[in-house]
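Here is a short briefing to read alongside the model.

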Amino acid sequence: MNYKSVKGMEDMLPQDAHNWQELERLARIMLGENGYKEIRTPILEETDIFVRSIGGETDIVKKEMFTFNDRKERSLTLRPEGTAPIVRAYIEHSMDKISKIAQLYYIGPMFRSERPQKGRSRQFHQIGVEIIGSSSPQIDGEAIFRLDGLLKLFGLKDFTIKLNSLGCKDDKAKFELQLKDYLRAEKSRLCDDCKVRMEKNVLRVLDCKNENCKDVIRNAPDISLCDPCRDHFATVRACLKGENINFQLTKNLVRGLDYYTGTVFEVTHPNLGGQDALAAGGRYNNLVKGMGGPDVGACGFAIGMERVLIALGCDLPNKPIVLYVATLGKEGRLEGFKQAEKIKKELNKDRLKIVTFMDFVESPLKSQMGTADKMGAKFVLIIGDDEISKGEAPLRDMATKEQVMVKFSDIINTLKGKLC
Ligand code: HAM
């Protein structure tokens, strides 16, 4: 038997726990401080929720959903994204009656059956925000400002916010007709998928990664916005400029989900290669009403947690420092335990976040050193009978391999000196 995790779905291992926990902790603090409340919806939803909202002709719905029938032949789907389930919950729990604007956030796994590669998995994790209840352009500004703030809080630099507006339903419909006309004349140069997309959901042609299609798209007509949509978009841009948020206007940015209207945005990062979107979002003014709720505007975004960690390329700050206490003999273990507890009690007062590990199963020193290494220990303190009788023990720095003898009474100060 050689069981493995399901293809494209990875274990989150203890050595990486700090990074996941930090992303979540920072997001909860920053969003909580700004009036957002957490919502947790189930991982399974009725399939129709996604078909209706994301759109039957999108890649997500056509090719990427994990959909199955339950024992009563009801079609269920592992959520590929968070917006549609949250709109479902907003309507189901009449959140419009609780406050005019619902400011919600969520953290959790999403599922899409895409071909796995670096930065693209079948189970991935998002930190998402949805602001439901207003069509004001300031809400778009707030969403993008908050997204920018979160990414900076995670330690990211050099990301680009790409921005566009799809206009209202009418603007979008007019643009779709214009685009169709243009593409029909170029049909022979399009890939087979785009020949179909062109007729069924023409905006999706603009997302195509095929080089010939990209070439055709380069000269495609631009969307022209009606006066209210142009004003709305100008105010969004003014809000962002007022807050010194850099963005890049990107005319072909249409997003791969059908529910968007008006402002759309995507954040890219050079460290991500092919899968370069770190986060994305936009306005979806017709979705709440379309799913049976009140006629209210909404806007949101989601950040891909795996991609944030790839783009960062290093651990998040405040990673606990691991001290491994290697012990020899019964007396050594007792003294080691005593020293480990003393070190944590004294040093963690100074917010140094030391965690200690010990071996309680009498392994040889070599094997304990191997374990310390695998655990990512920064220091190893070695205590046996000899050390107890001399009242001092070797403290090894695992990175530099430097080892110094330290009196038991000096351990705290020595560690403090090495860490501050
Ligand atoms: P999305 O662009 O489909 O938007 O996904 C948002 C982010 O999730 C992407 O930018 C990326 O970082 C991450 N992501 C997506 N697919 C994968 C994958 N297969 N593997 C790893 N990471 C992935 C949405 O999901 C919308 N619900 C965002 C939104 C919220 N719009 C309004 N509100």
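Which residue has a backbone N or O atom 3.0 Å from an oxygen atom of the ligand? That residue is Leu-278. The protein covers 96% of the 650 Å² of accessible area that the ligand has on its own, with areas taken from the Shrake-Rupley method with a 1.4 Å probe and, for residues, only the protein chains shown counting as cover.

This is a predicted model, in which local features need pLDDT of at least 70 and side-chain atom pairs count only at pLDDT 80 or more, while totals for chains, interfaces and linings use all residues. Residues are numbered from 1 along each chain as its sequence is written, and side-chain values use heavy atoms, with hydrogens and water left out.

**Around the ligand**

- The ligand is surrounded by 27 residues, each with a heavy atom within 4 Å of it; the closest are Glu-81, Arg-112, Glu-114, Arg-255 and Tyr-260.
- Strand 6 (123-132), strand 10 (277-283) and strand 11 (298-304) are the elements that give two or more residues to the shell; strand 10 provides the largest share, six residues.
- Helices (H or I, at least four residues) and strands (E, at least two) are DSSP runs, numbered from the N terminus.
- By class, the shell has twelve nonpolar, eight polar and seven charged residues; Ala, Val, Leu, Ile, Met, Phe, Trp, Tyr, Cys and Pro count as nonpolar, Asp, Glu, Lys and Arg as charged, and the others, Gly among them, as polar.

**Helix 2**

- In helix 2 (residues 47-54), Thr-47, Ile-49, Phe-50, Ser-53 and Ile-54 are buried, meaning under 20% relative accessible area (1.4 Å probe, protein chains only).
- Seen down the axis of helix 2, these buried residues fall within an arc of 160 degrees, so they line one face of the helix; the arc is that of the directions from the helix axis to the C-beta atoms.
- The elements covering them include strand 2 (44-46), helix 3 (59-64) and helix 4 (83-92).
- Just after helix 2, Gly-55 has a positive phi of about 110 degrees.

**Asp-140**

- Asp-140 sits in helix 5 (residues 137-153) and counts as buried because its relative accessibility is 0%.
- The side chains of Asp-140 and Arg-283 are joined by a polar contact of 2.8 Å; a polar contact is a pair of N or O atoms within 3.5 Å, and within protein one must be able to donate a hydrogen and the other to accept it, with residues adjacent in sequence counting only if both atoms are side-chain atoms.
- Leaving aside neighbours within four places in sequence, Asp-140 is in contact (heavy atoms within 4.5 Å) with His-232, Val-236, Thr-263, Arg-283 and Cys-299.

Note on methods
Buried < 20%, exposed > 50% of the residue type's maximum accessible area, 1.4 Å probe, protein only.
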